[in-house]
Every structure is written in structure tokens, then in C-alpha cells.
Amino acid sequence: MLDLKIEGATVIDGTGVTGGRADVGIRGDAIAAVGDLSRESAASTLRAAGRVVAPGFIDMHSHSDWRLWENRRAESKIRQGVTTEVVGNCGFSPAPVSDKFLDDLRGFALYLPKGMDFAWRSVGDYLRAFDQEGTALNVVQLVGHGTLRIAAMGFARRAPEAAELTRMQRLLADAMEDGAWGLSTGLIYAPGSYATTEEIVELARVASRHRGFYASHIRGEGATLLDAVREAIHVGREADLPVQVSHVKAAGRPNWGRVADALALIDAARGEGLDVMADVYPYTASSTTVRTLLPDWALEGGIEAMQQRLGDPEARARIRAELMAPVTGQGVLDRIGWENIMIAFCARRKDAEGRRLSEIGAARGMDPLDAALELIADEAGKAYMILFQLDEKDLRRALAHPAVMIGSDGSSLAPYGPLAAGKPHPRSYGTFPRVLGEYTREQRVLGLPEAIHKMTGLPARRLGLRDRGIVRPGAKADLVVFDPKRIADRATYEEPHRYPVGIEHVVVNGRFVVKDGQHTGSLPGKLLTPP
Ligand code: ZN
Ligand code: CU
């Protein structure tokens, strides 16, 4: 007797092979049988003719650790069919925490939900606190290098002393023993950007010893893209661990086309036997905090020190001069016009949301650069922006590459309450259906089994997950049922808080979280621990 039978759909199993018509039987939290199950009885049956059944999607690059805390229902992700999120990316994670540098961590945090009080110290303590209330989807936690560095040495802009490095290594080793999956870096973000390659290698060795992987927001995604990819590969080679290049892109018009070169570097490394892969989101705009526009020395000493510099005419003139230089080392402002930067979210200056920096400057009778600096200061560095600076052809090339999987770089949001604030990047709502609708059905950049593989089997391989990302007997019952003719994203830059269409049912660990397009309120997700 089955608990649930999904009848008559096309099963695309996540391995990349073409699907066929089959029934899927579920018992408890696992898939019990796949095939002709017409003779099997089940407590409930879902008729799904004309639909696709696929493994639940794995979001390889997410920042939901800051959001799931108050959005246990994981609304904007679960409705895309995401059943597992990899969080703690780009160097940011909510743990470990030290007493000494707690305020620095608060300033560093991307977003602080109610109740995120940093009562924990170790990653293990954090995970236990997070796990107490349950979530709609499964979570895979990485340890952020920025967070680690802050715990050991705050926003100090120098190499760590021996004792500080040892402390970071100890904290990371503890985290790995307590269920973290690897190390992430954000090498354009202070204080992660203050680290030398050698520091990253020393930490990656610890992750390697615990069979973790290294995910990197690399040191430059514009003019310095290729050197940055080489650095990530070097870390993988030296520390002997798998490398995940996060959200591969070439930012700024002069750099368009270079995604092909970045992918060629990855291919060459793979040819040498190194395990290097990448992820991508299906949009031509990126998004990050507005303070990322600043040269990284402006954050030395932390957010308060940054605020003081923004108020000091001399420091401000220096910041200005560096931002006016044609190419910044960080590449964020690599010849992108102010009209291509839209403010996505502000806690205080609500008037700025959804508007371009060029407009905001004009409205305030200011140079756009000064308007940006004013905004960073007013928002204490927490404002977000969207940068329209990527090439559609680069994007298609990345999507089609066999070592590239899908990662949203977004968070679990919701179109109600505090999570509906501002005009965040639509990737938080639209990534997976956009790949399946726009880039698979409409543009045919990918075949459907291949697209699904990039959201299921491929990320599962990266994670070493054997029992998820695949539809087969014995695997965990994380499943999506969608209409391949109708699936589409609806979130736009102007109206981002919109769920996609065509995703009808989402099952996590054998239980419906989305049924007939509605959230059931069920929280069957698990905090996953490495194999
Ligand atoms: Zn990033
Ligand atoms: Cu990220």
C-alpha cells in the first residue's frame, strides 16, 4: 500500500535522459516504485496526465539563510519547485560569531530578520537554533569566509596573524563537524576581499580534510574575470577540493563575451582532472548591496568606520576619485552607466526603490555618484541595487554548458509582510520556471531533460547527494509536478513579487508543500548533513 501515487505523468528523472510515461509511488518520505503502478493501491492518488514529474529542484546558490529564519514556508522558492537550498554563499553566513566582533557581524549581515539575535556562537549552535522550527524545504549550509574572518579579526584590512588564521581554521573545522558542507567566499566584499589567495588556500584545506567543497564569488566578474577564475581553480588544485564558481558572468559591456573564456578555463581544469563547476541565474542583471560600489578600503574597520569616511570630505574625495576611474579592481562599476543601476531595496529611503541612480541624482539635484554615497550612508550600507550589465549571449552560453547548473543567487521571499519589501531582483521568484519556460520551451537553449538535470542531478552530484535530485525507488520523495506547456516566470524588475505559473504540486520528503498551486503550510524540510 502506497501513501501517494502520482499517475500518468511523464517522469524526467534528473539524470539528463529523456523521460517516459510512468507512475510514481511514494511511501513515507521516499519513492517506493516507479513504473506501471495501476495495480498498486494508494491512500491518495494524483492524476497528472500531460504533466512532468521531476525531482525537486536544488538551488545551488542561495542566500536564504537570512530569510528562512522568518519565512519558514520558503514561499518564493517552494513555488518554483525548489525543494533544497544551498545557503551561506558569497562569504556570508550567520555563524560562527564571536563576542568581540558581534557588532561587525551585524553590520556585515545582508539582512537581519526579527529574532536573528546571534545568540549562537558556533555554526553547530546556529544550525540547532535554526532547525528547531522546521522549514518547507531542505537546507544545505556553507560557512562564509567573510563571517569567519569577522569572528577572528573583524574588518581588519591585513593578513591574519598566525593565531587568527588558526582560529578561523578551528571554527571552520568545528563547523564541518557540525554539518556544514564547505566554505564559501565573497572576494569582492570586505572583509573577504582583504584575504590573499594563500589565506583562502589555508582555509580550503580544512574544508577539504572534511570532504567539503569550495564555492566562490570570485575576486572579479568584470575586467579581472579570468584571473579570478584562475584563482578559484588554483585554490581547488592546492587544497585538493571541488570548486564551484558562483553565478558565472562577465559584467560590463567591454567584458561581454568573456564568459566563453571563463568556461574554457573551467573546461581546461576539468580536462586536468580537477572537479570545477559553476552555476548561473537566467537574467542579464545582477544584484548586490549598494555599498559594494565603494572601494574596499572604505570598509576597513567596519560599517561605522565606513559611515565616518562617507562623512569626511577628504576620504569622500578619495572614494569619488577611485569610483570615477575607468575600471575598478572589483569590477562592479566597470563602465556601467548610472542609468543602469536601479535601487532595489532601502530600509528608510523608500522613495529610491525602483528608481535608477541617474533619476535619484536628478531628483535630488546631485551628481548620481553623490546620490549613491548619500544612500549608502543613509542606509548604513544595507541598501540593495540591481545592475543591468550582462550580455544575453553570455548567459545562453553559460546555461548550455555541461558543467554549469542553476543557482538563483536569490532568497526565499514572499509577496506579503516584511518579505514583500522593495523591488528585489526577480530571480528570487522566477529563476527555475524562467529556465524551463523562457530558455527551454521558448528559446530552446536547452532540452527539457538537460534543463532539469541542471536543477537536480547535477547539483546533487556536486553535493554528493545520492538520494536526492533523482526519481528512482529508494530516493527521497522530493518531487515537482509541472505543466511543461504553461510553466513560466511572472516576476519582473518592476513587479518582482510574483509567483510563477505552471508549477502545480511540490512534494518535500513525501509531503505536499504545494498542492494545486497553493502552499499547504506543511514544513517537512530537513537540515541536510553531508554524506
Ligand atoms: Zn555573489
Ligand atoms: Cu550570492
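## Two packed helices

Helix α8, which covers residues 259–271, packs against helix α13, which covers residues 392–400; the axes lie 9 Å apart and meet at an angle of about 25 degrees. This is a predicted model, and the values in this report are computed from it. Angles under 35 degrees count as roughly parallel, and α8 and α13 are therefore roughly parallel to each other.

On the side of α8, the contact is made by V259, A260 and L263. On the side of α13, D394, R397 and A398 take part. Sorted by class, the contact of α8 with α13 has 4 nonpolar residues, 2 charged residues and no polar ones.

## The zinc site

Which protein atoms are donors of the zinc ion (ligand 1)? They are SG of C90, ND1 of H217 and NE2 of H247, lying 2.1 to 2.2 Å from the ion. Along the sequence, these donor residues follow the spacing C-x126-H-x29-H.

The pair C90 and H217 links distant parts of the chain, 127 residues apart. C90 sits in the loop between β7 (82–87) and α2 (102–108), whereas H217 belongs to strand β11, residues 213–217. Both C90 and H217 are buried.

## The copper site

The copper ion (ligand 2) is coordinated by four residues: H61 and H63, each through NE2, C90 through SG, and D409 through OD. The distances run from 2.0 to 2.3 Å. The spacing of these donor residues in sequence is H-x1-H-x26-C-x318-D.

C90 and D409 also join distant parts of the chain, being 319 residues apart. D409 is located in the loop between β17 (404–406) and α14 (427–442), while C90 is in the loop between β7 and α2. Like C90, D409 is buried.

What is the geometry of the copper site? The angles among the 4 donor atoms of the copper ion (ligand 2) range from 87 to 159 degrees, and the site is irregular. For four donors to count as tetrahedral, all angles must lie between 85 and 135 degrees. The range at the copper ion reaches 159 degrees, so the site does not count as tetrahedral.

## The bridging cysteine

## Cis peptide bonds

The bond from A95 to P96 is cis, with omega near 5 degrees. P96 is found in the loop between β7 and α2, and C90 is in that loop as well.

The bond joining A190 and P191 is also cis, with omega about 0 degrees. P191 lies in the loop between β10 (182–186) and α6 (197–209).

## Residues with positive phi

A74 is not a glycine, yet its phi is positive, at about 55 degrees. A74 is placed in the loop between β6 (57–59) and α1 (75–78). Is A74 buried or exposed? A relative accessible area under 20% means buried; A74 has 0% and is therefore buried.

F118, another residue other than glycine, has a positive phi near 55 degrees. F118 lies in the loop between α2 and α3 (123–131). With a relative accessible area of 1%, F118 is buried too.

Key:
Residues are numbered from 1 along each chain as its sequence is written. Chains are lettered from A and ligands numbered from 1 in the order in which they are written. This is a predicted model: local features need pLDDT of at least 70, side-chain atom pairs count only at pLDDT 80 or more; totals for chains, interfaces and linings use all residues. Side-chain values use heavy atoms; hydrogens and water are left out. Donors are N, O and S atoms within 2.8 Å of the metal (3.2 Å for Na, K and Ca); water is not among the atoms, so sites may look incomplete. Helices (H or I, at least four residues) and strands (E, at least two) are DSSP runs, numbered from the N terminus. Buried means under 20% relative accessible area, exposed over 50%, partly exposed in between (1.4 Å probe, protein chains only). Four donors count as tetrahedral if all angles lie between 85 and 135 degrees; four count as square planar and six as octahedral if opposite donors are over 155 degrees apart and all others between 65 and 115; anything else is irregular. Axes are lines fitted to C-alpha atoms, for helices over the stretch in contact, and angles run from 0 to 180 degrees between N-to-C directions. Angles under 35 degrees count as roughly parallel, over 145 as roughly antiparallel, 65 to 115 as roughly perpendicular and the rest as oblique. Contact means heavy atoms within 4.5 Å. Ala, Val, Leu, Ile, Met, Phe, Trp, Tyr, Cys and Pro count as nonpolar, Asp, Glu, Lys and Arg as charged, and the others, Gly among them, as polar.
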